[in-house]
Amino acid sequence: MPFSRRAACLGATCLSAALLLVASPTLAAAKDAFVPSSEAIRAHMTFLADDLMEGREAGTRGYDLAANYVAAQFALLGLKPAGDSGSYLQTVPLVAYRPAGDGEIRISENGGAAASLVFGEDFLPSPQADKAELTLNAPLVFVGFGISAPERGRDDFAGLDVAGKIIVVLSGAPKGFQTEERAHYGSVGVKRAEAARRGAIGVLTLGTPTGEKRRPFARGVAGNRDWRMTWSTPEGAPFVRGGSAPSLASISVKGGQKLFGSAAARLEAIYAAAETPEGKVQGFALPTTANLALKSEIQQRRSSNVAGLIEGSDPTLKAQTIVLSAHLDHEGIRENPKPGEDAVYNGALDNASGIATLLEVGRGFMQGKARPKRSILLLAVTAEEKGLIGSEYFAHNPTVPRADLAADVNLDMPVLLYPFTDVVAFGADRSSIGPIVAKAAGRVDIALSPDPMPEEGLFTRSDHYRFVEQGVPSVFLMTGFKNGGEKAFKDFLATHYHKPNDDLKQPIDYQAAAKFALVNYEIAHDLADADERPVWKAGDFFGSIFAPKGHPSSASR
């Protein structure tokens, strides 16, 4: 059994002990000012990152125990239940799916002999949530990055007939795009939606030499059998992003040679053009046809978001809600571990630290003499690791009126391994949240820095983005690269991120954790008490897409 550290501890006993441990700093704290408790954060993380939680994978008993712990903490704080039917829990119906077997992709040209792509070397299949078996036989069309950006005068599909065909797109987006817009356009879901709008029947994503240098293709083989998830609609159908153009497979640089057939000689120039700032790559109909046979294993599961409400004090403004979100789930337990190998993905920094921050910020609001003017919703979401599913479900099915969602402040994976002095505030400058973030950070002596890793597309990879997609101005803070942060962050990504050793044995700086809680508290407090509801800046890219004129958060409201 992989559960070593708390083998003799029963769930109820551990939960009761942890509740008492975390409750004690609250009793001693001053009533007239919020001073975040590093010990309270340590206590929350100690419980949530314990082996007893079994890695907190969505849809498992370990996650459910963690969710009940958070719900109990909400009750201790005195939050109003904001889940289903008077409880703190919002049930999230999940559809789990993963590849069943290696799949088969065969490429032929002009009626000649077919060449088979090799699993793990040439391609990795993408599972389907809505089809256990998928077979397609269609011509291929290369469409560059697959981007349609009218505001840039760009249409990678221009002059190409993709109706009834499978498109091949380069992974990512041009490096010259603004970092957050680059993350948006690089999303496979956005490319699928555009492909479906053009009548394509499937999408193959082709890697680049630069991308594979950063993240070798072979690294994806081990995780290809991992479960993906989406949520189920009231009609019982899986919610499928990207419409009717499914993502079929990831293709390696090596596999691209087979995919392009006699046009493979053009790949070198294509990759070179992709590396230019504008990434203008001319698409064309490939001389090849693909025959695909893919199988998926599909299961129905259930999990929960945890929601607690702090009602605002202003008779009018309390109808508006500031959401503080953090994901509670992590990666679960490694299948078939070697004897003596640590198999539990504890997720101490990803994201027990974010949940601990959420709870501590909530304590600050509940202890303050003056309640915030707007209401504040503490939201611990499930299945972030499976594609931001819990936050997406909540954003589509909010437990407070949708039009009253005024802003989201997201807490995800602060790397608390050094005394950080700056943060990256993703999304802040796109709305009236920006000056509030700058002022609040300044009070805590924290500088704001630009995104140091635009190639990672972090803006679209955490739960705030699901609120952005619903037109809600949002901000997500990442601990910055100053004062030793770059080395700490990159070392964490290389040696601990999504590995079992993201545990409490790391040299976690709990004073830094308290500082991170304070800066997020200050931001949320100012948002809650601001005279005006947050709005997108006039002409902002995301505001224009997701909060058109007439939306409560549009600049022209």
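Select α4 (179-186), β19 (422-426) and α11 (433-443): each supplies at least two residues to the lining of the second largest pocket. Helices (H or I, at least four residues) and strands (E, at least two) are DSSP runs numbered from the N terminus. The model is predicted: local features need pLDDT of at least 70 and side-chain atom pairs pLDDT 80 or more, while totals for chains, interfaces and linings use all residues. Residues are numbered from 1 along each chain as its sequence is written, and side-chain values use heavy atoms, without hydrogens and water.

Stay with the pocket. β19 gives the most to its lining, with four residues. By class, the lining has nine nonpolar, five polar and four charged residues.

Next, select Trp231 and Phe239. Their ring centres are 4.5 Å apart and their planes at 10 degrees, so the pair is stacked (rings of Phe, Tyr and Trp, the last by its six-membered ring, pair if their centres lie within 6.5 Å; planes under 30 degrees apart are stacked, over 60 edge-to-face, the rest tilted). Trp231 is buried, at 4% relative accessible area, whereas Phe239 is partly exposed, at 21% (buried is under 20%, exposed over 50%, partly exposed in between, with a 1.4 Å probe and protein chains only).

Move to Phe260 and Phe284, both buried.

Then show Phe177, Tyr185, Phe459, Tyr465, Phe541, Phe542 and Phe546, which form one aromatic cluster. Finish at Trp227: the charged end of Arg301 sits over its ring, 4.6 Å from the centre.

How values were computed. Ala, Val, Leu, Ile, Met, Phe, Trp, Tyr, Cys and Pro count as nonpolar, Asp, Glu, Lys and Arg as charged, and the others, Gly among them, as polar. A charge sits over a ring if NZ of Lys or CZ of Arg is within 6 Å of the ring centre and within 35 degrees of the ring normal.
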